[in-house]
Amino acid sequence: PAKDSTKSTTKHRPRFVVEAVSLLASESSEGRVGLGPLGQYLKRTDPAFAPKNYGHSGLLDMVKTYDLLELHKEAGGNWTVGLADAKGG
């Protein structure tokens with residue numbers, strides 16, 4: 001029987017995404033980075049980068065799967081992402 005790859009698509013969470021957010025957010029006064037600039041940075045550092053390669057429909061979908069990252073919806077509707085607070089341990 002042929003393999004059905006649509007049934008169980010494994011979603012991966014590569015560590016370099018957290019590292020990129022950490023780096024970019026540390027350079028901003030809010031401690032967050034927009035999804036657009038994050039995506040541009042990831043593409044610049046790895047031209048083959050695409051959320052689909054890791055089982056996600058897009059960067060927003062991908063970031064939502066990370067425990068270490070926290071999304072914020074800004075007033076204008078743009079998403080920003082920062083490191084999640086390490087308080088709840």
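This is a predicted model: local features need pLDDT of at least 70, side-chain atom pairs count only at pLDDT 80 or more; totals for chains, interfaces and linings use all residues.

User: Good to know. So which strands make the hairpin, and what's in the turn?

Analyst: Strand 2 and strand 3 make the hairpin, and five residues lie between them. Glycine 77 sits in the turn, with a positive phi of about 95°.

User: How many bridges join strand 2 to strand 3, and do they run parallel or antiparallel?

Analyst: They run antiparallel, with five bridges joining residues 69-73 of strand 2 to residues 79-83 of strand 3. Leucine 71, for example, faces valine 81 of strand 3. Glutamate 70 has glycine 82 of strand 3 opposite.

User: Let me zoom out. What secondary structure does the protein have?

Analyst: There are three helices and three strands. Along the sequence they come in the pattern α-β-α-α-β-β.

User: And in what order do the strands sit in the sheet?

Analyst: The order is 1-3-2, in an open sheet with antiparallel pairing. Strand 1 (32-34) and strand 2 are the edge strands, each pairing on one side only. On average, neighbouring strands are turned by 30° against each other, ignoring direction.

User: How many bridges join strand 1 to strand 3?

Analyst: Three, and that pair runs antiparallel. Arginine 32 is opposite glycine 82 in strand 3. Glycine 34, which belongs to strand 1, has threonine 80 of strand 3 as its bridge partner.

User: How far apart are glycine 34 and threonine 80, in sequence and in space?

Analyst: They are 46 residues apart in sequence, while their C-alpha atoms are 4.1 Å apart. Setting aside neighbours within four places in sequence, glycine 34 is in contact with Trp79 and Thr80.

User: What about lysine 73, is that residue buried or exposed?

Analyst: Lysine 73 counts as exposed because its relative accessibility is 55%, and the cut-off for exposed is over 50%. This residue is part of strand 2. Beyond residues up to four places away in sequence, lysine 73 touches Asn78 and Trp79. From glycine 34, 39 residues away along the chain, lysine 73 is separated by 9.8 Å between C-alpha atoms.

User: Okay, switching to the helices. How does helix 1 lie on the strands?

Analyst: Helix 1 lies across strand 1, strand 2 and strand 3, at about 95° to strand 3. Helix 2 packs on the sheet too, where it touches strand 1 and strand 3, and its direction makes about 80° with that of strand 1.

User: How many residues does helix 1 have, and what span does it reach?

Analyst: It has 12 residues and reaches 17 Å from first C-alpha to last, close to the 16 Å expected at 1.5 Å a residue.

User: Which residues of helix 1 are buried?

Analyst: Val17, Val18, Ala20, Val21, Leu24 and Ala25 are buried. They lie on the same side of helix 1, because they cover an arc of only 160° around the axis. As background, an α-helix has 3.6 residues a turn, so residues three or four places apart point the same way.

User: How many residues are in the largest nonpolar core?

Analyst: That core has 17 residues, and those with the most contacts inside it are Leu38, Leu42, Leu59, Met62, Val63, Leu69 and Val81. Helix 1 (15-26), helix 2 (35-45) and helix 3 (59-64) are the elements that give two or more residues to the core. Helix 1 gives the most, with five.

User: Last one, overall numbers: what share of the protein counts as buried?

Analyst: 29% of the 89 residues count as buried. As for contacts with a separation of 6 or more, 49% are between residues 24 or more positions apart.

Notes:
Residues are numbered from 1 along each chain as its sequence is written. Side-chain values use heavy atoms; hydrogens and water are left out. Two strands pair if DSSP finds at least two bridges between them. Helices (H or I, at least four residues) and strands (E, at least two) are DSSP runs, numbered from the N terminus. A nonpolar core is a set of buried Ala, Val, Leu, Ile, Met, Phe, Trp, Tyr and Cys residues joined through side-chain atoms within 4.5 Å. Buried means under 20% relative accessible area, exposed over 50%, partly exposed in between (1.4 Å probe, protein chains only). Axes are lines fitted to C-alpha atoms, for helices over the stretch in contact, and angles run from 0 to 180 degrees between N-to-C directions. Contact means heavy atoms within 4.5 Å. The expected span of a helix is 1.5 Å times one less than its number of residues. The arc is that of the directions from the helix axis to the C-beta atoms.
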